[in-house]
Every structure is written in C-alpha cells, then in structure tokens.
Amino acid sequence: MEKINSLTLLPESADMISGIDIIGNIKKLFNSPIQAPGCLILFCIKGQCSITIHLTKYHLKENSIAIIFPNQYIHFEEKENQNSRFIFLGFSKRILKNPILFSNTIQYLSVFLGKQVIELKEDTATFFYDYFKTLIKANHINGLIQEQQIHLIFPLLLMLIRNSCNEAHTEQTLHYSRNQEIAKELTRIIIENYQSERNISFYAEKMHLSPQHLSTTIKKTTGKTITDIISSFVIHDAKAKLRSTELTIQEIAYSLNFPDISFFGKYFKRYTGMSPKQYRQLKDVH
C-alpha cells in the first residue's frame, strides 16, 4: 500500500481502491475521528484493535470484517491497537450515489445496521481473503475493472458478507444509547416501508412513540429530519427506476405511492431541481 498521509490525497477519479495495509497506515489515517470518504470495507488479517464506527465501539480482530459507510465517523484507538493489519476495499461516494447501484443494494443495507463488524468462521475468512486478493490484483491491472463492473462487484460483496452474517459467531455484545437504538430501528423500518409510507405518524406508531418525540430524537441523533431520511430513499429509488427501467413516469409515481404524476413531479423537483422527465433525459447521471 502506497503511504497516504491524508484522506484528501485519495484520487477523486478512483471509483474503487484496494490494497493490503502492511505498514499500519490505515490506523494512522483514522487516529482521530474522521468521516469516511466512501464505503470502506476492512478485513482484519492480523492482530486486533478497537475501532469506533459512528459512535459505536467494536473489537476488531483477525478474521473479522468491518463495513464503514460514507460520512460515518471512524476512529482507531491507538492505545488499544495490537499490531493489527488489514486487507481493504473502498468504493467512492460517486459510485454509491449511482441510482442503479442503489436499487441493487438497498435490500442488504438494513442487515448491517448495528452490526458493522462481522466475525467470520475460518473457512469463510479464507474465502474472503482470496476474494479480496483477486479483486486487488484485478484492480491494479489498468482497464481490467471498469465502472460498470464496480456496479456489480459492490452489491455482490455486500450480498456475500450478508450471507456470512447468518453463520457468524460472535461473543460481542453491543451497547447503544436509547437514542441510537431509536435511530437504527427507524432506519430499518423506513427501508421496509418508504415506497408506500412517507407520513411521520406512521413510523411513530410503528415504534410506539409520539411523532414529536421521534422527530426530536432523530434530529438530535442524526442531524437530519425524518422527512429528510425518508425522501433520500424515495428519490434514490425514483432515480433508479427512471434510469434503469422502462416504466413510465406514471407507473413509477404509483410504485412509490404518489396519488398521481403531478404530485410525484413536484416532489421529485423539490429535491432534485428538475422534473422526472428532465432527469430521465440526462445522458450521464451519477
């Protein structure tokens, strides 16, 4: 791994980065809390350490994988590192914002809420080690992995890690504050219901909380409103359907539970600055 002293030095043109951290450089990059510039997948191949991902502390040891999503804060606690080393893959925000990729990964994301470090059985860990090394070799051959392949690699990787969660054994008990538990549960419920429900009272009732209490808690915990969170899923889904399907705009509107195309158009334009038709006609969208 070439030494990188700052995340700002990562090439913006790199949709996928990969390597084996043989000098402990990754820990040095995150020796204080820093937001992840993209999705970072760390596979611990030696030693153990403590890592905090978005306020939650995990114990990362050999044969475990950590998944850090864009903008989540990550911090390695230097005093608790024990010569840990990693093999890693990173995917840029630009790639992850692609609407087609969003539609292929949304169903897996809720699995990792509150479980961002997964301990693997030995045979599964061996598979992932070989798989990561293969991707690293391919990524360093100029032109072999292109953008459209990355759109396939990332959801496949999430799917494989998701499947490994079913067999993983962990002695780790995670402790969250009540507000963090509420935020994680809300996100899970939104992922399951955003296509049909955008009313805050629906989610408050599901969680047996008052709308006001839920709204205040989410704003305090995430810095976002519930409407912001819901709309981000709705808009990404709409973009995916507009760019990757032959559905009419009216059919897309109905699939997202809008009463008619007019309501859908106003909602879409409010968050994107353009109409669904204008978005669909763009030649290159990310």
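**Exercise 1. Find which ring faces arginine 198 lies over, and at what distances from the ring centres.**

Step 1: Start with phenylalanine 258: arginine 198 lies over its face, 3.8 Å from the ring centre. A charge sits over a ring if NZ of Lys or CZ of Arg is within 6 Å of the ring centre and within 35 degrees of the ring normal.

Step 2: Now try tyrosine 267. Arginine 198 lies over the face of this ring too, at 5.6 Å from the ring centre.

Before you go on, a note on the model: it's a predicted one, where local features need pLDDT of at least 70, side-chain atom pairs count only at pLDDT 80 or more, and totals for chains, interfaces and linings use all residues. Residues are numbered from 1 along each chain as its sequence is written, and side-chain values use heavy atoms, with hydrogens and water left out.

**Exercise 2. Describe the aromatic pair of tyrosine 267 and tyrosine 271.**

Step 1: Recall how it's done: a pair of aromatic rings is described by the distance of the centres and the angle of the planes. Rings of Phe, Tyr and Trp (its six-membered ring) pair if their centres lie within 6.5 Å; planes under 30 degrees apart count as stacked, over 60 as edge-to-face and the rest as tilted.

Step 2: The structure holds 13 aromatic pairs. One of them joins phenylalanine 127 and phenylalanine 128, with 5.3 Å centre to centre and 70 degrees between the planes, so by the cut-offs this pair is edge-to-face.

Step 3: For tyrosine 267 and tyrosine 271, the values are 5.0 Å and 55 degrees, and that makes the pair tilted.

Step 4: Look at where they sit. Both tyrosines are in helix H11, four residues apart, about one turn of the helix. (Helices are DSSP runs of H or I, at least four residues, and are numbered from the N terminus.)

Step 5: Zoom out: ring pairs link Tyr267 and Tyr271 with Phe258, Phe264, Phe268 and Tyr279 into a cluster.

**Exercise 3. Work out which residues of H11 are buried and which are exposed.**

Step 1: Phe264, Gly265, Tyr267 and Phe268 are the buried ones. Seen down the axis of H11, they fall within an arc of 165 degrees, so they line one face of the helix. The arc is that of the directions from the helix axis to the C-beta atoms.

Step 2: The buried residues of H11 pack against H9, H10 and helix H12 (276–281). Contact here means heavy atoms within 4.5 Å.

**Exercise 4. Check the span of helix H4 (residues 122–139) and find its buried face.**

Step 1: The expected span is 1.5 Å times one less than the number of residues. With 18 residues, H4 should span 26 Å, and its end C-alpha atoms are 26 Å apart, which agrees.

Step 2: The buried residues in H4 include Phe128, Tyr131, Phe132 and Leu135. Seen down the axis, the buried residues of H4 fall within an arc of 165 degrees, so they line one face.

Step 3: Turned away from that buried side, Glu122, Asp123 and Lys137 are exposed.

Terms used:
Helix = DSSP H or I, 4+ residues; strand = E, 2+ residues; numbered from the N terminus. Buried < 20%, exposed > 50% of the residue type's maximum accessible area, 1.4 Å probe, protein only.
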